[in-house]
Protein chains: 4
Amino acid sequence: MIERYTRPALAQLWSDTRRYETWLTVELAACQAMEEAAIVPAGTAAEVRAKAEGKLDAQRILEHEKRTRHDVIAFLTHVEELVGPSARWLHWGMTSSDVLDAAFALLLREAADNVLAGVDQLRAALASKADEHRETLMIGRSHGMHAEPMVAGLAFAGFYAEVGRARQALVAARDEVSVGKIAGAVGTYANLSPAIESRALGLVGLRPETVATQIVARDRHAGFFAALARLGTAVERIAMTVRHWQRTEVGEAREAFGAGQKGSSAMPHKKNPILSENLCGLARLLRAYAGAAFEDVALWHERDISHSSVERVIGPDATGMADFMVRRAAELVLGLVVDPEQMRMNFARSGGLYFSEGVMLALVRTGLSRQKAYEMVQKHALAVAGEAAEAGAPSFRARLGSDPEIAARLSPDDLDLAFDLRHHLRWSKTIIDRALGDLHT
Amino acid sequence: MIERYTRPALAQLWSDTRRYETWLTVELAACQAMEEAAIVPAGTAAEVRAKAEGKLDAQRILEHEKRTRHDVIAFLTHVEELVGPSARWLHWGMTSSDVLDAAFALLLREAADNVLAGVDQLRAALASKADEHRETLMIGRSHGMHAEPMVAGLAFAGFYAEVGRARQALVAARDEVSVGKIAGAVGTYANLSPAIESRALGLVGLRPETVATQIVARDRHAGFFAALARLGTAVERIAMTVRHWQRTEVGEAREAFGAGQKGSSAMPHKKNPILSENLCGLARLLRAYAGAAFEDVALWHERDISHSSVERVIGPDATGMADFMVRRAAELVLGLVVDPEQMRMNFARSGGLYFSEGVMLALVRTGLSRQKAYEMVQKHALAVAGEAAEAGAPSFRARLGSDPEIAARLSPDDLDLAFDLRHHLRWSKTIIDRALGDLHT
Amino acid sequence: MIERYTRPALAQLWSDTRRYETWLTVELAACQAMEEAAIVPAGTAAEVRAKAEGKLDAQRILEHEKRTRHDVIAFLTHVEELVGPSARWLHWGMTSSDVLDAAFALLLREAADNVLAGVDQLRAALASKADEHRETLMIGRSHGMHAEPMVAGLAFAGFYAEVGRARQALVAARDEVSVGKIAGAVGTYANLSPAIESRALGLVGLRPETVATQIVARDRHAGFFAALARLGTAVERIAMTVRHWQRTEVGEAREAFGAGQKGSSAMPHKKNPILSENLCGLARLLRAYAGAAFEDVALWHERDISHSSVERVIGPDATGMADFMVRRAAELVLGLVVDPEQMRMNFARSGGLYFSEGVMLALVRTGLSRQKAYEMVQKHALAVAGEAAEAGAPSFRARLGSDPEIAARLSPDDLDLAFDLRHHLRWSKTIIDRALGDLHT
Amino acid sequence: MIERYTRPALAQLWSDTRRYETWLTVELAACQAMEEAAIVPAGTAAEVRAKAEGKLDAQRILEHEKRTRHDVIAFLTHVEELVGPSARWLHWGMTSSDVLDAAFALLLREAADNVLAGVDQLRAALASKADEHRETLMIGRSHGMHAEPMVAGLAFAGFYAEVGRARQALVAARDEVSVGKIAGAVGTYANLSPAIESRALGLVGLRPETVATQIVARDRHAGFFAALARLGTAVERIAMTVRHWQRTEVGEAREAFGAGQKGSSAMPHKKNPILSENLCGLARLLRAYAGAAFEDVALWHERDISHSSVERVIGPDATGMADFMVRRAAELVLGLVVDPEQMRMNFARSGGLYFSEGVMLALVRTGLSRQKAYEMVQKHALAVAGEAAEAGAPSFRARLGSDPEIAARLSPDDLDLAFDLRHHLRWSKTIIDRALGDLHT
């Protein structure tokens with residue numbers, strides 16, 4: 001985790017101290033379940049809680065680990081220091097992964113909750129922009145080229161829907177990793193039972209793994225990191241679009257530029273879409289982390305520990321970045337300075353070429369084949385595009401009107417109809433409403 | 001797609017001819033919806049169907065494409081050749097992606113159905129092995145080292161559950177890509193309407209995209225290919241395990257070896273787990289394809305076409321391979337020659353060391369601290385392991401029994417209890433039943 | 001390999017027939033080396049060559065493989081059919097991988113030669129454009145925003161240099177995979193010798209692996225596919241830039257548009273940068289293939305065969321695509337319609353803001369601190385940018401000139417000097433010459 | 001960077017303080033070059049060095065950055081605080097990337113030097129094991145199955161050669177990133193010159209970029225991180241092999257196990273290859289980082305800054321991990337407890353089946369076809385393998401000797417020759433010598 005791209009809440013969540021505390025939470029839940037099953041003396045959990053909770057010394061545990069080269073044994077040794085003889089009842093019949101995997105599930109779940117809260121901020125920002133720009137005329141672009149008219153709100157509504165799908169995928173993935181196992185060495189409950197596991201995990205809000213090996217199955221985690229990667233691509237598409245909108249020649253929207261902010265050490269005139277560029281880079285990292293997670297699934301026999309080093313890195317890094325990204329994206333969208341006037345000016349540059357489809361369809365309606373009509377219109381459209389820079393060149397509408405073949409088929413009124421912008425945009429509100437319909441769900 | 005790793009059904013599904021036929025299916029559905037909306041003359045769809053369905057000439061379309069450099073226009077030109085004037089009503093108000101994306105959805109969905117049918121074969125095979133080996137004793141291994149006892153059926157049950165989760169993810173992903181758009185150039189229904197789109201897509205069993213750009217959003221497809229990658233990892237874990245079981249020193253299971261089969265061109269004595277190795281390689285490819293799909297999401301503005309070349313390759317290749325893999329895996333599992341006797345022999349090699357946990361817990365119960373008990377047992381365990389090769393060395397049980405410190409705390413009966421295999425395995429049946437519980441859902 | 005993205009030469013190179021012929025080439029080289037070492041009767045290679053070369057029946061070999069489930073044994077069986085008893089001397093002391101890996105090296109090398117020839121076409125195209133546009137004024141852009149002046153030739157020179165580095169990496173990678181082994185089952189020369197291997201490989205232009213296992217080490221191949229991925233990124237950067245140049249608002253260059261070509265099935269006015277978009281997609285696939293190749297390195301013990309399925313796919317696909325990409329990129333660059341007039345117009349839009357650095361430095365020279373000078377210039381630059389759309393707003397030069405604080409420090413002549421475009425561009429020719437200096441190496 | 005997987009040297013190298021110091025180094029080199037070119041007053045560099053070197057306050061710079069949102073401007077502001085008016089001559093005509101990229105090059109180069117020193121430790125460890133086990137008999141395995149005899153030294157020699165190739169690739173990659181640019185905003189030397197750049201970079205041991213944009217080309221960095229990924233796979237193959245060797249049933253080598261070390265919290269008998277498993281996981285991360293680096297190459301126009309967030313993470317993380325991995329691998333290899341006796345016992349289990357090739361070749365020499373000979377030998381080999389567990393079953397040698405068809409062709413002396421282990425291993429020393437030949441280069 002690098003400070004620059006991590007909120008303090010996530011940094012704290014993945015701290016050593018917090019990890020050890022979460023291990024204790026799991027041990028206490030298991031201990032209580034075993035008390036209830038009369039395997040461990042009554043009162044043990046209460047005693048351990050009283051003596052150890054909030055008192056764990058991360059540094060001391062790390063020192064124990066240097067000797068034992070085993071993190072959970074180091075932890076238990078430290079708890080024993082704090083608690084005394086009763087500590088021997090902790091971890092009864094359990095293996096390290098019983099603690100580690102349940103704790104990892106709890107931390108991932110909490111991290112996901114943070115990310116999801118940020119996702120909701122982002123969705124709210126997108127919805128508000130979609131709403132605000134329901135009627136803001138903008139040229140739609142495919143292949144980077146002017147295509148047909150749209151409203152700016154549609155772009156935000158599309159982002160909103162996509163982030164919504166990413167949210168849904170993350171909610172499902174969060175659920176998939178909310179699983180633990182308290183089933184001992186190779187998942188057989190040799191010194192435990194399914195009932196104890198179910199009770200212990202229930203106490204911390206987790207479900208038991210269907211068939212555990214020594215660990216919870218890692219396909220669950222691969223799915224989780226893939227969901228984060230997907231969320232990253234949704235943010236990336238927003239950021240990529242802002243970068244396009246802001247580029248000098250387009251200028252349709254730009255990132256907020258703070259008082260005192262400087263765009264370039266060399267060029268005082270620069271204002272750059274740096275937040276968006278930053279988000280595009282972070283999305284690449286989320287993809288990369290997912291790739292590593294997929295390689296963690298096919299472990300040897302009842303487990304090997306090769307997934308552990310990967311997870312120590314990507315657990316904090318991927319969730320920390322995702323959390324950072326959605327919040328930065330939310331700010332970016334909220335602060336975005338949209339320039340409807342510039343949109344209108346860009347729109348006007350195409351000289352009505354975007355009505356070429358309507359004219360073609362009108363011609364087809366008169367009985368021409370589609371290909372013939374296409375070619376009749378394409379001839380004028382390409383000519384107009386070629387003359388764009390020349391002052392006084394006839395407009396697309398004018399060229400069409402003065403083509404005798406076309407005039408013979410389409411009256412000026414027919415052409416007016418084909419050039420009617422309101423007709424083009426009559427469904428935009430419907431689409432935006434459809435997209436935002438799930439806003440309060 | 002390479003023939004070697006593709007079933008004919010999938011090869012046919014992704015053929016040029018089949019693609020063009022699917023485009024026609026979409027055009028016809030849209031045409032019919034527009035007839036119903038009185039935009040297109042009644043009878044058009046029927047006429048086009050009669051004249052073009054089953055008569056498309058893929059070669060001729062490819063020739064048209066050479067000139068127009070546009071595949072859908074080439075297709076429409078060919079349909080016009082077959083149908084005559086009425087063809088001009090086809091593709092009314094539509095853009096190419098309206099056809100392409102709905103058709104891609106139909107093909108992906110059908111491909112997914114093929115994969116899912118194979119997944120069910122694999123699950124059936126795994127269930128039958130899980131059932132068959134409910135009581136087949138096997139040593140559980142962590143880190144490749146003998147850990148504690150289990151039954152072989154647990155391994156198969158674990159695979160069954162994991163493949164089941166991958167199945168569920170693929171079903172969800174299949175649903176997510178079962179989406180089209182018939183909304184024109186930049187998704188605004190400029191010359192169409194949401195009602196027409198809804199009807200047209202409904203005719204072929206698809207849903208409309210919430211907010212389309214020129215295309216259906218590509219996060220859906222990234223999710224789909226990620227689901228295939230995940231399925232690949234589930235198969236990989238099975239295959240990896242078979243490879244471990246088959247290795248000479250383990251020998252607990254082996255792939256079926258056909259009459260006439262030869263294992264090596266140099267070494268007549270070889271029988272190798274080649275199917276499993278093959279599956280491990282293919283899983284890497286599925287991961288790679290998912291990586292490319294994630295890069296396809298953040299397209300420019302209302303679409304750029306960079307995703308298209310990627311999808312032309314990974315659409316067929318990833319689904320074709322996944323389909324092949326699950327079926328090969330099903331055969332592999334069904335034909336697997338499990339050797340319970342060899343499992344028993346391997347089990348015996350550890351000389352009861354796997355009971356070390358039980359002894360430690362018994363000592364803790366007498367009041368020792370966990371760490372103290374651990375060290376008392378570890379001393380004998382490591383000694384036994386070190387002497388493994390020496391004939392006449394005392395057994396683990398014997399060493400423990402003759403340690404006065406231990407004898408002072410544990411009677412021979414206590415030790416017997418700790419060395420009781422039935423106790424260890426008492427829950428295996430429960431776990432397997434729990435895993436197979438969803439078999440008929 | 002899909003036909004659409006594969007030249008016939010590469011399709012042929014990776015055909016079944018060609019593969020079997022290459023196996024025969026390797027067997028014959030080994031056979032001749034063993035004749036010379038008097039292990040195999042004199043004349044064997046000549047006899048086999050006469051009876052089998054050019055006569056292999058790929059279909060028949062595939063049938064044998066169905067039974068033996070071993071491709072090389074199937075091949076040898078077929079050769080025996082053609083050659084008779086003398087065929088028994090073929091493959092003496094060899095294992096399948098001796099044949100497979102040397103043949104794979106020969107095919108990869110030839111594929112690389114094809115790619116490299118295409119790379120040279122691309123470099124020639126880039127050099128010619130760099131040369132042509134040595135003085136074509138263009139605004140340099142960072143973050144998509146106008147930055148400072150440059151000439152268009154610099155962009156092409158930069159691509160030229162980058163493709164040159166990718167070429168160098170591919171040449172090195174080609175050399176790294178030009179390695180075989182004729183060393184038998186686990187690379188020990190049990191029934192062979194280093195001298196025979198060296199002679200046999202020398203006959204086909206390969207070097208022996210330093211320490212073979214059963215196979216040539218796969219880190220070599222990972223390096224090779226990473227070099228192709230890198231070449232892909234170089235092409236991607238060219239293609240990405242063309243897409244930016246062509247976008248409607250920029251319009252500084254565009255892909256050639258063929259007679260008869262159609263840009264959109266809906267919109268007759270469209271001309272899209274589809275070749276460039278296509279290349280961006282293919283670059284993603286090359287990255288993906290490299291990812292799979294890296295997973296092939298850490299095989300088990302003296303080899304497992306999991307790399308084989310990966311290589312059957314990515315060997316043809318990655319080289320075929322790379323070959324296609326560099327040639328398509330060469331055509332793209334050659335045919336690119338550069339529009340210097342539009343470049344000039346875009347340049348003019350910034351109203352001299354790109355001179356802001358020069359003014360700041362001139363102010364610093366008068367004794368101001370950098371930060372102070374920066375802020376003095378930034379104030380006017382941001383104001384000018386904000387007024388861009390307003391007719392009659394004072395120019396950047398005018399605003400600076402009428403700022404009393406600035407006027408007190410910089411004379412009109414000083415300002416003229418800071419606004420001197422020739423000064424800005426005086427080194428461009430030098431840089432381009434430096435880049436093209438290696439043109440004929 | 002996580003402490004657990006980072007040496008202090010690398011943590012320090014990538015600290016904020018060290019980064020700012022390196023920026024100052026670059027600014028000073030540029031300043032000195034400009035003094036020599038009489039652009040900046042003589043003595044400036046000396047004054048800045050005296051007042052700022054060793055006195056930078058990272059915290060203060062980060063505070064400035066909060067306001068300016070620009071890291072280099074924040075740095076320059078701080079230097080101005082320390083130095084006073086003369087600081088205005090710093091950064092003359094430069095853009096931030098002139099500083100950032102040269103500094104990144106210096107840090108990457110130093111990081112690479114650290115990694116390479118660790119690589120040499122690893123190579124020394126591997127060479128010593130290769131040397132030590134020149135005659136240690138071991139069964140060679142393909143597909144995890146016993147194949148033919150070899151010596152353990154060959155495995156180490158193979159690792160040595162592979163790590164050597166990875167080293168060579170990293171040395172080349174280090175050279176490729178040892179490049180900077182001092183060329184101003186878009187690389188045109190608008191207020192600088194190639195001579196100044198060349199001198200400035202020469203002072204810190206870097207070369208100028210051939211054609212810079214605003215930044216050094218990122219294909220160089222992609223190559224660098226791909227080289228680290230490749231090094232990771234070389235370590236992964238070693239680690240993977242150790243894991244196989246250590247597994248209970250094989251037991252041919254094992255990681256050193258420290259006094260006080262504990263293998264499992266549940267099972268006191270466990271000693272696990274955890275270092276090797278850890279290394280396998282880290283190799284996945286190095287692959288992932290390379291994937292992100294490849295996505296950084298195709299930036300927009302003369303640069304966008306999306307690569308920056310990626311590099312802030314993978315610069316430290318990938319080099320830090322690679323440095324950690326090679327050193328951990330070196331320790332692992334040095335401490336590896338090889339068990340020749342266990343190797344011998346495993347070897348013996350195959351009952352001479354590995355001589356099957358020699359017998360087949362001997363039969364071919366008598367005039368049989370290869371396929372016929374293969375089948376004659378395969379019959380007995382498979383029978384022996386099938387009977388492996390049965391006491392008193394005839395040996396492979398015995399079965400062959402008593403087969404009348406074979407006996408008619410091969411005398412007992414012929415069979416002895418085919419079963420001669422020394423013959424098998426006669427080249428091992430040669431191969432090892434060949435591999436270690438470059439030890440002192």
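**Chain D and its partners**

Author: In this predicted model, chain D is superposed on chain C by a rotation of 180° with 0.0 Å of shift along its axis, at an RMSD of 0.0 Å. Both copies use the same surface, since 100% of the contact residues of chain D recur in chain C.

The contact between these two chains draws on 77 residues from chain D and 77 residues from chain C. On the side of chain D that touches chain C, the most is given by helix H9 of chain D, residues 219–246, with 13 residues. Sorted by class, that side of chain D comprises 34 nonpolar, 26 polar and 17 charged residues.

Helix H9(D) also packs within its own chain. Its partner there is helix H11 of chain D, residues 306–335; the two pack at an angle of about 30°, and their axes are 10 Å apart. Because angles under 35 degrees count as roughly parallel, H9(D) is described as roughly parallel to H11(D). The crossing in which H9(D) passes H11(D) is left-handed.

The residues that make this contact can be listed for each helix. H9(D) contributes Phe225(D), Leu228(D), Leu231(D), Gly232(D), Val235(D), Ile238(D), Ala239(D) and Val242(D). From H11(D) come Ile314(D), Ala318(D), Thr319(D), Ala322(D), Met325(D), Val326(D), Ala329(D), Leu332(D) and Val333(D). By class, the contact of H9(D) with H11(D) holds 15 nonpolar and two polar residues, and no charged residues. The side of chain D that touches chain C, by comparison, includes 17 charged residues.

Chain D is superposed on chain A by a rotation of 180° with 0.0 Å of shift along its axis, and the RMSD is 0.0 Å. These two copies are therefore related as by a two-fold rotation axis. Among the residues of chain D, Ala288(D) comes closest to that rotation axis, its C-alpha lying at 2.3 Å. Of the interface residues of chain D, 100% are also interface residues in chain A, so these copies meet through the same surface.

As to confidence, the model scores ipTM 0.95 and pTM 0.96. Chain A has an average pLDDT of 94, and 98% of the residues score at least 70. Where pLDDT is low, the predicted coordinates should not be read in detail.

How values were computed
Residues numbered from 1 in each chain as written. Chains lettered and ligands numbered in written order. Predicted model: local features only at pLDDT ≥ 70, side-chain atom pairs only at ≥ 80, totals over all residues. Contact = placed C-beta atoms within 7 Å. Helix = DSSP H or I, 4+ residues; strand = E, 2+ residues; numbered from the N terminus. Nonpolar A, V, L, I, M, F, W, Y, C, P; charged D, E, K, R; others polar. Axes fitted to C-alpha atoms, helices over the stretch in contact; angles between N-to-C directions. Parallel < 35°, antiparallel > 145°, perpendicular 65-115°, else oblique. Left-handed = near helix turned anticlockwise from the far one by under 90°. Least-squares fit on C-alpha atoms with pLDDT ≥ 70 in both. pLDDT = per-residue confidence, 0-100.
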